[in-house]
Amino acid sequence: MTETTASARLIDSVIQVARHNQQDVDALLASVGIEPQDLNQAEVRFPARAFSVLLDELARRTGNPRIALRIGETTQPRMLGSIGFLMSTAESLAQAYRCVIDY
C-alpha cells in the first residue's frame, strides 16, 4: 500500500505563521521529519499525515490550539498549484468543484 503524500507548498503557510510567532522553523520541521533544505526542491512531496502532526506540534509550541486558523488565512491559491488557481477564479463554490471535476 502506498503512502498518501502532499505537496511541500502546503508547508509555506505553516512556516509563515511559525515565523510570525517567533518559532524555530528548522526545529519545528525536524520534529516531524521534514528537512528544511528539501523544501527548496521543485515538486517535493511529504507524507500527508506529517501535515497534521506539524500543525499539532506548532499548536503545542505556541500554546495556541487554534493556530491552524491563522494558517488558513495565509494560504494563497498559488500554493495549491493550477487547481487552486482554477478554483479561486470560480464565481461560486459549486463552480469551483465543477472545475476540479472537469480538471
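User: How many salt bridges does the chain come to under the rule you use?

Analyst: Side chains of opposite charge can pair when their charged atoms come close. The rule for a salt bridge is a side-chain nitrogen of Lys or Arg within 4 Å of a carboxyl oxygen of Asp or Glu. By that rule, the count is three. Some ground rules next. This is a predicted model, where local features need pLDDT of at least 70, side-chain atom pairs count only at pLDDT 80 or more, and totals for chains, interfaces and linings use all residues. Residues are numbered from 1 along each chain as its sequence is written, and side-chain values use heavy atoms, with hydrogens and water left out.

User: Which residue does Glu3 meet in a salt bridge?

Analyst: Arg49, with N to O at 2.9 Å. To place the pair, we need the elements: helices (H or I, at least four residues) and strands (E, at least two) are DSSP runs, numbered from the N terminus. Glu3 sits in the segment before β1 (5-7) and Arg49 in helix α3 (residues 48-62), so the bridge ties together parts 46 residues apart in sequence.

User: Which residues are linked in a network of salt bridges?

Analyst: Glu57, Arg60 and Arg61. Arg60 meets Glu57 at 2.6 Å, N to O. Arg61 also pairs with Glu57, the closest N and O atoms being 2.7 Å apart. Arg60 and Glu57 lie three residues apart in helix α3, about one turn. For Arg61 and Glu57 the spacing is four residues in helix α3, again about one turn. Glu57 is buried at 16%, Arg61 is partly exposed at 29%, and Arg60 is exposed at 56%.

User: What is the volume of the largest pocket?

Analyst: Rolling a probe the size of a water molecule over the atoms shows where empty space is left. The search uses a 1 Å grid over the protein atoms alone: a cavity is a set of points where a 1.4 Å probe fits but cannot get out, while a pocket is an open set with protein on both sides within 12 Å along at least five of seven lines. Lining residues have an atom within 4 Å of a point. Grid points are joined across faces, edges and corners, and the volume is the space filled by probe spheres set on the points. Here the largest pocket comes to about 360 Å³. Its lining has 22 residues, and those closest to the centre are Ser7, Ala8, Arg9, Leu10 and Val44.

User: Which elements each supply at least two residues of that lining?

Analyst: β1, α1 (11-20) and α2 (25-30). Now sort the lining by type. Ala, Val, Leu, Ile, Met, Phe, Trp, Tyr, Cys and Pro count as nonpolar; Asp, Glu, Lys and Arg as charged; the others, Gly among them, as polar. The lining of the largest pocket divides into 12 nonpolar, four polar and six charged residues.

User: At what angle do α3 and α4 pack?

Analyst: Axes are lines fitted to C-alpha atoms, for helices over the stretch in contact, and angles run from 0 to 180 degrees between N-to-C directions. α3 and helix α4 (residues 67-74) pack at about 120°, their axes 9 Å apart. Contact means heavy atoms within 4.5 Å. From α3 come Leu55, Leu58, Ala59 and Thr62; from α4 come Ile67, Ala68 and Ile71. This α3 with α4 contact has six nonpolar residues, one polar and no charged.

User: Which residues of α1 are buried?

Analyst: Ile11, Ser13, Val14, Ile15, Val17 and Ala18. Their cover includes α2, β2 (45-47), α3 and α4. After α1 comes Gln22, with a positive phi near 55°.

User: What is Ala6 in contact with, leaving aside neighbours within four places in sequence?

Analyst: Val44, Arg45, Phe46 and Ala48. Ala6 lies in strand β1 and is buried at 11%. Ala6 and Val44 are 38 residues apart in sequence, yet 8.6 Å apart in space, C-alpha to C-alpha.

User: How do the elements run from the N terminus on?

Analyst: The order is β-α-α-β-α-α-α-α, from six helices and two strands. Of the 103 residues, 27% count as buried. Among contacts between residues at least 6 apart in sequence, 65% join residues at least 24 apart. The C-alpha atoms fill a box of roughly 40 × 30 × 25 Å along the principal axes.

Definitions and conventions
Buried means under 20% relative accessible area, exposed over 50%, partly exposed in between (1.4 Å probe, protein chains only).
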